[in-house]
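Subject: Structure handover

Hello,

Here is the structure I promised you. Please open it and keep it beside this email while you read.

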Amino acid sequence: MSFFKKLFFLLLVVNASFLGYDYYQGGQLAFNLVENTKQLNKERLVTELKSLTPQKLAGHVNNAFSQLKHLNSATDVLDLIRQKITTTTVQQTGSEYEGNVLILTDANFKTAIDGTKPALIEFYAPWCGHCKNLAPVWSELADAFAHQKENVIIAKIDADTHRDTGTWFDVKGFPTLKWFPKGVNSPEGVEDYKGGRDLASLAAFVREKTNIAPRIKSQKSSVVELNTKNFHDIVLNPKKNVLVEFYASWCGHCKTLAPIYEKVAHAFANEPNCVVAKIDADQERDIGTEFDISGFPTLKFFPAGESEPIAYEGGRTEKAFVDYLNKHCGTHRLVGGGLEATAGRIETLDKLVTQFMKDTSGREKIHAEAVKAAQEIGTRYANYYAKIMEKVLGQGEAFLKTEKARLAKIASSDDVATSKLDDFNMRQNILAAFQ
């Protein structure tokens, strides 16, 4: 048997094993693959293949590798494939989904919630603050039961817009959560959900009602977990600025702070010299005693190169933390993890750029000064200033427009990894100095 025949049969066995395992776990991967194949559009496929460029292909490869870091088991691989296949099926069949959440309206409610399967439905309003807080949790809940879409529905309806349905089910506030047992498609028999609105509580409720086990992905935290053994090595590292939350697992205020603190850590995840960390000072009491921790949560900032921390006394909103860390770490982050327009900019070189754009006859000399300054500064972004000047000298100012369009196209692509996106955004910021 030739090598290629052996490879073909090996791939066939691997695929069969994956589909068999998926079916054993209650999944519908094989069914969805067949449905997608039935609905393939030949013309659209040919068009997409013709439009595939090396840049697009490289972008897809980068995106695929960025997703691999979240895959820790065969189940994770299957969940990712199911999500992609299900999304495609939804797009082709015309069903209304937002991720894995079924979107209901006055028009489709009776058809979608027909009693053939149980459903947990959120009645919300777009302007409702509590609804906005619940939105990411609701999305995660739908993801947790996406492998059993054929047996349970996680849905939501804008009951402020679709008031007929809201009135029918006596919705008087937002968000209102209602459980529709199998066989129920009218207000009679519907149960009001009165439990917790965190992912664990909601998932446990659905599991209790359906006997379906949720698949909650363990999200990799951006907050560095400290203990007695690693505390001093990380926190007192002379090259790193570290914000530390001293917490206790039983502390209610700590639990309230946790999702905000996680967002802050995520925003600074690509800043190697600005670390967001936490330690259970109720368990690691030696550390708590060393830093005189008498209540929870207590936050302290440890500046790089200093042994004495600064007590954090600012607000406990995401913006307050981001502003504080930008000030003390010298970073340029925005709420959500983006970059300010000043990120990557260097004042000395900005001044040379101003001269370069105004004095067209002296550009050669100014470029030479920029090259020298970039060498002294020694960063890639300093060199980028000099490179742009070199390109303008060779190609004229038309290069600026071309480069701006190129960077904007790359930065807006969904296939760019976060770490790479920072790089392109800083280059855009530098390029803006030339306008």
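Ile121 stands opposite Lys178 in strand E5. This is a predicted model, so please keep that in mind as you read. Ile121 sits in strand E3, on one side together with Ala119 and Phe123. E3 and E5 (residues 176-180) run antiparallel, joined by 5 bridges.

Now look at the other neighbour. E3 also pairs with strand E4 (residues 153-158), here in the parallel sense, over 6 bridges. Between E3 and E4 the chain passes through helix H7 (residues 129-144). This β-α-β crossover is right-handed.

Is E3 enclosed or open? Check each face in turn. Ala119, Ile121 and Phe123 are buried on one side. Leu120, Glu122 and Tyr124 are buried on the other.

Next, the whole sheet. It is open and has 6 strands, in the order E1-E2-E4-E3-E5-E6. The pairing is mixed. At the edges are E1 (97-98) and E6 (191-192), and each of these pairs on one side only. As background, strands of a sheet pair through backbone hydrogen bonds, either parallel or antiparallel.

Helix H9 (residues 199-210) lies across E3, E4, E5 and E6. H9 runs at about 20° to E5.

Last, a pair of helices. H16 (residues 380-395) packs with H17 (residues 398-411) at an angle of about 130°. Their axes are 9 Å apart. That angle makes H16 oblique to H17. Which residues meet there? From H16 come Tyr384, Ile388, Lys391, Val392 and Gln395. From H17 come Phe399, Leu400, Glu403 and Leu407. By type, the residues of this contact are 6 nonpolar, 1 polar and 2 charged.

Best wishes

Definitions and conventions
Residues are numbered from 1 along each chain as its sequence is written. This is a predicted model: local features need pLDDT of at least 70, side-chain atom pairs count only at pLDDT 80 or more; totals for chains, interfaces and linings use all residues. Side-chain values use heavy atoms; hydrogens and water are left out. Buried means under 20% relative accessible area, exposed over 50%, partly exposed in between (1.4 Å probe, protein chains only). Helices (H or I, at least four residues) and strands (E, at least two) are DSSP runs, numbered from the N terminus. Two strands pair if DSSP finds at least two bridges between them. A crossover is right-handed if, with the strands pointing away from the viewer, the path from the first strand over the helix to the second runs clockwise. Contact means heavy atoms within 4.5 Å. Axes are lines fitted to C-alpha atoms, for helices over the stretch in contact, and angles run from 0 to 180 degrees between N-to-C directions. Angles under 35 degrees count as roughly parallel, over 145 as roughly antiparallel, 65 to 115 as roughly perpendicular and the rest as oblique. Ala, Val, Leu, Ile, Met, Phe, Trp, Tyr, Cys and Pro count as nonpolar, Asp, Glu, Lys and Arg as charged, and the others, Gly among them, as polar.
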